[in-house]
Amino acid sequence: MNKTAGCLLFSIQIFLLTISAKAWETQGSDSRPYDFAVTPDSSLIIRESRITAGIPGKKLMYSDTIPSGLVKRLPNVADAIRLFSGIQLKDYGGIGGLKTINIRSLGSEYADIFIDGIPVVNAQNMQVDLGRFSNDIINGIRLSEVCNPEDLLTAKAYSSAASVFLSSTKPVFKQGRTSDFRMKIRGGSFDTFSPSFTLEHMFVKGISGRLNAGFVSSSGKYKFHESKWIKNSNGTYSGYDTTMTRKNGDISSFRTEGQLYGNTKKGNWNTYAYYYDSERGLPGAVVRRASDLPDKADRQTDKDMFIQGKLTEYISNVYSLSASFKLSHEYLRYMTNPESDPQSMPADNKYNQTGAYLSFSNRIRISRFWKINTAADIQYDRLGANLTGFVYPRRVTEYAAVANTFNLKSLYINLNCTYTIAYDKFKNGASSQAGGFAKSNGTRKAFSPLLSFSYAPPESECLSFTGFVKKSYRMPSFNDLYYTLVGNSNLECEKAWQYGIGGKYLKSPGAKFHLENKIEIYYNSVKDKIVAIPTFSQFRWTMFNIGKAGITGAEINTSVRYDGTGKRIPAFGASLKYTFQKATDYSDPGNSSYKGQIPYIPLHSGSLSANVGWNGWNADLCLFISGKKWSSSANIPDYEIEPWKTGDLHLVKEIEITGNGKGHQRIAIGLSLNNLFNEQYEIVQGYPMPGFNYSISLEYRF
Amino acid sequence: MKKLTLLISGTVLAILVASCDKSQVTNRISGITSEDDSLAGVNVAAGETSGPFMKLFVLNEGKMGTDNASLDFFRYSNGRYCRNTFKMMNPDISLGLGDVGNDIKVWKNTVWMTINNSGIVEVINAINEKHLASITVPSCRNIAFYGDYAYVTSYSGAVYGGNDIKGAVYKIYIGTMSVVDSVHVGYQPEGIAEYGGKLYVANGGGFHTGYDNTLTILDPEGGSETENLEIAGNLKDVYANENGDIWISALGDYYSVHSGLYHVDGTTNTLISRSKALEDVRVSCMTMNAAGVVYVIGTDDEWNWKGPRKYNLYTIQPGGDLVKTEFTSDMDAITTPYSICEDFYNGNIYIGDAGDCLNPGKIYCLNRDLELLWSTTAGVDPGHMILYSPYYGI
């Protein structure tokens with residue numbers, strides 16, 4: 001079965017290559033009124049802007065980006081991702097708290113994270129911690145809520161229900177220079193201390209590289225309030241308001257990364273190596289705890305590493321191809337310390353996850369109106385653990401994608417389909433009771449079509465419309481399938497139908513003044529959702545494909561930008577984003593959570609970000625607001641999470657040490673004031689977020 | 001209620017019930033005023049003032065990590081069911097009752113609850129639910145009383161062996177409500193009961209060593225382990241009556257060994273071989289009433305993961321007579337029976353239904369013919385129930 005499918009994919013690829021070669025031969029000299037971006041460039045952001053240049057001034061497929069300048073100025077990548085509309089950043093609080101993204105309420109398992117176009121895969125639980133990437137390197141962040149309009153993506157990216165593209169930028173050197181060195185030090189609340197350095201060097205013309213290393217240490221201690229008041233029968237209130245300290249949230253992490261970028265005659269390549277090593281405490285949910293019990297002492301160690309690379313060749317106007325690879329290994333150790341914390345049970349669980357990935361993509365311009373992207377990926381995952389009865393699952397996933405783009409002047413259509421096959425194998429031992437039942441090795445198939453359009457009425461300079469329908473899926477994770485006694489190896493893929501329409505109004509009243517309004521309305525229908533339910537006994541929970549959810553959402557974004565020079569005339573921009581999400585649980589009509597709002601999705605949420613840049617000064621104000629939500633689709637007071645609003649202010653001043661604007665020595669001083677209103681809030685139930693906190697940074701560049 | 005059995009001999013009990021004029025008891029109970037009278041609750045039944053009981057306490061476990069263990073009670077005098085009474089009567093206690101309630105027992109006019117994930121044994125006044133003491137017992141599980149002491153099983157002990165940790169029984173002096181001693185038992189001890197001056201502790205295991213299958217017999221005076229009896233893997237509850245019948249449930253391993261009920265003769269401390277009928281008993285939850293009758297709910301469809309499952313009620317008389325009754329149509333709505341309690345005075349049976357274990361569960365009250373008298377919404381995971389009478393405490 002495996003072999004057959006492999007052969008099939010291989011033949012598809014060969015077939016497509018043949019077609020593409022023919023297309024190249026016959027249409028090689030075609031002139032191109034609508035440029036499909038053939039210029040080599042490794043930056044996804046820039047490439048995207050080129051693609052969308054098909055209809056001037058109007059983005060064809062709606063995706064959202066955070067300006068790279070802003071990403072750099074914010075303390076970390078997760079803070080930048082928070083600014084997107086239509087997402088929930090699930091944050092367990094503190095420097096070391098897990099941060100995952102849920103896009104349009106599909107569930108964080110649907111949100112694929114890509115680094116320089118190559119997926120970050122966590123087969124164990126399908127969640128990627130965004131706290132592990134540094135904005136020293138990652139400057140481009142793009143959220144693609146439905147479909148990816150780019151060329152030469154991996155097949156996984158075409159199949160993805162929703163994705164976040166993180167991208168590094170190629171080093172840029174000033175005239176006459178071949179090296180740049182940056183040293184940065186950041187410190188502040190929670191005893192945080194974080195030095196880092198970056199070295200960028202051009203080896204020869206066309207080949208440059210970067211080495212970056214950073215260290216973060218933090219005690220993770222912060223104070224928070226817990227309070228609850230009830231109204232007495234006589235109208236008075238009684239309750240408690242207590243201040244507690246978050247403990248065992250310390251972290252020390254070391255990260256080192258390196259990138260190499262090079263050009264070939266007709267293309268470019270880049271490689272990316274990453275190593276992250278951290279040791280942290282897990283403070284756990286805040287619950288009543290006997291006052292004389294010692295602090296929690298659960299610890300987690302991570303060692304993540306990957307190396308990846310991508311080669312893109314723009315062979316001709318008609319044909320280009322791209323090949324990428326990735327090897328990754330993640331080690332996770334979770335341990336309790338019952339000798340220090342008698343409340344815990346002994347555990348010392350070690351997980352080793354290994355992944356390998358290979359992808360080939362082609363882009364063929366068949367005619368001036370029609371181009372085809374094809375891609376085939378193969379992904380291998382393996383999970384090992386020192387758990388009793390562990391079944392050592394392995395998975396080979398093959399993706400094949402064909403993406404058609406029709407550019408008919410004012411109408412732009414994407415017709416894509418992706419086919420995925422995943423083969424699982426696991427060890428069947430005497431003690432291997434994966435799910436307690438199915439023992440057969442699983443093959444899962446998924447077909448993911450997409451139809452989307454963008455229409456820009458020729459008579460209007462400013463307006464455009466978009467719409468899409470897509471079927472997506474998510475594979476069950478290794479934990480869903482094989483976690484000892486809880487997993488259920490019979491699980492099928494979760495499926496999601498996504499529908500949406502949108503409109504955009506782009507206007508530039510002045511040469512430097514830009515106004516953008518965007519509205520999108522969508523409906524997601526999720527079926528066969530994987531949920532854990534108790535079986536005959538509360539002591540024995542199992543995963544089942546029984547969930548159903550319907551998500552009606554709307555996003556309204558408004559932004560203004562004034563491109564001042566930033567020297568004498570200030571540059572400013574502001575962006576207001578509102579998200580409405582009615583995310584309804586339709587799983588079981590007999591259950592009282594039927595039609596409840598699904599966990600962690602507020603009905604209303606929004607953000608406001610504003611930026612002013614003037615004379616080396618830069619100020620960013622980010623405000624966030626989130627309505628009431630629940631930690632369970634049982635929308636009862638026990639699981640209610642209060643609405644909250646927070647605001648952060650980031651100030652940066654850049655000073656040139658050697659004058660005349662030609663100097664390379666610069667100092668940047670930054671001050672971040674977070675949670676300005678000292679709001680006491682929780683994003684995840686039981687995990688209080690820090691109140692007002694600050695950090696100061698100093699960067700020296702030479 | 002099981003506690004009462006341990007405290008009072010059957011004879012004393014019988015005399016007490018027989019000698020009390022019903023109306024006298026009623027008058028005395030309804031004459032008691034409590035601050036919790038201000039809790040109106042919901043009207044679920046006509047007042048059952050004829051019985052000796054003032055309240056049925058229900059400890060809802062809550063969902064782990066959300067601090068929503070809660071204490072409800074059914075007030076007999078006016079037939080009202082009051083929810084979340086600990087929080088209502090003790091609003092100033094930070095974070096409420098705590099995280100994961102695991103056991104509830106009555107001692108005289110006090111109620112003792114183990115709050116497992118808070119590491120707290122919470123003691124309240126049974127009349128008005130006012131907080132009396134919080135005793136630290138890490139990872140506490142179940143409670144038994146003997147003499148002037150409360151004995152609490154705990155997963156936490158001081159004996160480490162590599163990744164394994166043996167549990168302990170903590171000894172609490174009731175006079176000062178403080179821990180005076182602890183003695184290690186098997187792995188992850190659960191239920192505990194007293195008979196003939198000995199404590200019987202069911203060891204569950206399940207963390208690292210597989211399941212424990214031993215019943216530890218402790219001498220509470222000497223504070224040492226006297227014997228370990230092999231029963232079956234993954235032991236859970238233990239109940240003892242005054243005849244020396246020790247009933248022990250085992251949960252099985254959830255995929256190849258079924259749950260079951262085991263019988264130990266406390267006079268000789270030997271495992272009694274099971275009849276065919278007893279071998280077929282499956283246990284989801286169980287209890288023993290004050291007369292020593294065992295009530296068990298179990299399902300033959302244990303490994304039918306997706307359900308629906310048909311449950312049975314088993315009753316076992318002190319002599320060993322076993323009766324299996326299928327759930328009646330009045331009980332069809334019960335999806336996850338999680339606790340059971342029997343009112344020996346009128347034969348009513350209370351069943352706690354955990355439902356999906358996230359939403360608030362339900363309490364069903366049935367008469368001795370298993371006809372539904374009333375049902376009402378409880379807290380999340382109503383896992384433990386106990387009857388309280390101010391005149392049965394000694």
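Helices (H or I, at least four residues) and strands (E, at least two) are DSSP runs, numbered from the N terminus. This is a predicted model: local features need pLDDT of at least 70, side-chain atom pairs need pLDDT 80 or more, and totals for chains, interfaces and linings use all residues. Residues count from 1 along each chain as its sequence is written, chains are lettered from A and ligands numbered from 1 in the order in which they are written, and side-chain values use heavy atoms, without hydrogens and water.

**View 1. A:T466 in its strand.** A:T466 lies in strand β22 of chain A, residues 463-474. Is A:T466 buried or exposed? With 3% relative accessibility, A:T466 counts as buried (buried is under 20% relative accessible area, exposed over 50%, partly exposed in between; 1.4 Å probe, protein chains only). Its side chain reaches the backbone oxygen of A:F453 at 2.9 Å. In general, side chains in a regular strand alternate between the two faces of the sheet.

**View 2. The strands beside β22(A).** Two strands pair if DSSP finds at least two bridges between them. Strand β21 of chain A (residues 443-455) runs antiparallel to β22(A), joined by 6 bridges. Here A:S454 stands opposite A:T466. Strand β23 of chain A (residues 494-507) is also antiparallel to β22(A), with 12 bridges. In β23(A), A:K504 is the bridge partner of A:S464.

**View 3. A nonpolar surface patch on chain A.** Which residues form this patch? They are A:I185, A:F193, A:F215, A:F254, A:I655, A:I669 and A:L698, with about 560 Å² of accessible area together. Patch residues have over 30% relative accessible area and no salt bridge; like charges are joined within 9 Å, nonpolar side chains (Val, Leu, Ile, Met, Phe, Trp, Tyr) within 5 Å. A salt bridge is a side-chain nitrogen of Lys or Arg within 4 Å of a carboxyl oxygen of Asp or Glu. Areas come from the Shrake-Rupley method with a 1.4 Å probe; for residues, only the protein chains shown count as cover. A:I655 is in strand β31 of chain A, residues 644-656. At 36% relative accessibility, A:I655 counts as partly exposed.

**View 4. An open sheet in chain B.** In chain B, 5 strands form an open, antiparallel sheet in the order β1-β4-β3-β2-β29. β1 (42-43) and β29 (382-388) of chain B stand at the edges, each with a single partner strand, so one side of each has no neighbour in the sheet. Strands β3 (residues 70-75) and β4 (residues 80-82) of chain B pair antiparallel over 3 bridges. In β4(B), B:R80 is the bridge partner of B:R75.

Terms used: Polar contact = N/O pair within 3.5 Å; in protein donor to acceptor, adjacent residues only side chain to side chain.
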